[in-house]
Amino acid sequence: MSRTALLIGGNGFVGTHMSKKLEKNKYHVISTGSETDIRKPEEIEILVRNSKPELVINFAALTTVRETIDEPLKTYEIGFIGTLNLLTALKKINFKGVYLNISSSEIYGFPEANDLPLIEDSPKK
C-alpha cells in the first residue's frame, strides 16, 4: 500500500516536479491548485480529512512578486490565514506525518554562480 502525499498549491512548476518525484517513490499524490482555496477552512478540512495524508507540502502562494505587491491582502490571506487553516485541519485529524512549508528562493536575492548551490544557511538578501 502506498503512502499519501498532499500537495497544496502543487499544480505549478515546482509542485508538478515534486509530484513526479514522489510518485517515483511510491507515493499516492493528491495535488491541488487554484480549484482549492486554502483561505476557506471548510474546504481544507474536507480535503485533509478525506485524503488522510502522511506527507503534506504547502506550495500555496501567489506566483509572482508583482501579484504580491498588487494584492497584499490576498498575499496575507493565502500565506498566513491559509497556512493556519491547513495546520488547524491537520491538528483535527491528529496528523503525525511530515509537513513542509515552501517559501520563495527570492529571499536569497540573485546569487552569483560561485554562491550556488543555495542552502538554508545561505545569506539572505
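Visitor: What should I know about the model before reading it?

Guide: The model is predicted: local features need pLDDT of at least 70, side-chain atom pairs count only at pLDDT 80 or more, and totals for chains, interfaces and linings use all residues. Residues are numbered from 1 along each chain as its sequence is written, and side-chain values use heavy atoms, with hydrogens and water left out.

Visitor: Which residues have the most contacts inside the largest nonpolar core?

Guide: In soluble globular proteins, nonpolar side chains tend to be buried together. A nonpolar core here is a set of buried Ala, Val, Leu, Ile, Met, Phe, Trp, Tyr and Cys residues joined through side-chain atoms within 4.5 Å. Buried means under 20% relative accessible area, exposed over 50%, partly exposed in between (1.4 Å probe, protein chains only). The largest core has 14 residues, and Ile8, Ile38, Val48 and Leu86 have the most contacts inside it. Strand E1 (3–8), helix H2 (41–51) and helix H4 (72–92) each give two or more residues to this core. H4 gives the most, with four residues. Helices (H or I, at least four residues) and strands (E, at least two) are DSSP runs, numbered from the N terminus.

Visitor: What does Ile38 touch?

Guide: Contact means heavy atoms within 4.5 Å. Leaving out residues up to four places away in sequence, Ile38 touches Ile8, Ile44, Asn58, Ala60, Ile78, Gly82, Thr83, Asn85 and Leu86. Another core, of eight residues, lies apart from the largest one; among its members are Tyr27, Val29, Leu55 and Ile57.

Visitor: Is Thr32 buried or exposed?

Guide: Thr32 counts as buried, at 4% relative accessibility. Thr32 sits in the loop between E2 and H2. Its contacts, not counting residues up to four places away in sequence, are Leu7, Ile8, Gly9, Gly10, Asn11 and Leu47.

Visitor: How many salt bridges are there?

Guide: Side chains of opposite charge can pair when their charged atoms come close. The rule asks for a side-chain nitrogen of Lys or Arg within 4 Å of a carboxyl oxygen of Asp or Glu. The count is five salt bridges. One of them joins Arg39 and Glu77 (3.2 Å, N to O). That pair links distant parts of the chain, 38 residues apart: Arg39 is in the loop between strand E2 (27–31) and H2, Glu77 in helix H4. Arg39 is partly exposed at 28%, and Glu77 is partly exposed at 25%.

Visitor: Which helices does the pair of Glu45 and Lys92 link?

Guide: Glu45 and Lys92 meet in a salt bridge at 2.8 Å, N to O. Glu45 is in helix H2 and Lys92 in helix H4, 47 residues apart. Glu45 is partly exposed at 23%, whereas Lys92 is exposed at 57%. Salt bridges with shared partners also join Asp37, Arg39 and Glu77 into one network.

Visitor: Which residues of H1 are buried?

Guide: An α-helix has 3.6 residues a turn, so residues three or four places apart point the same way. In H1, Gly15, Ser19 and Leu22 are buried. They lie on the same side of H1 because they cover an arc of only 70° around the axis. The arc is that of the directions from the helix axis to the C-beta atoms. Phe13, Val14, Lys20, Lys21 and Lys24 are exposed on the other side.

Visitor: What covers the buried residues of H1?

Guide: The cover includes E1, E2 and strand E3 (55–58). Just after H1, Lys26 takes a positive phi of about 70°.
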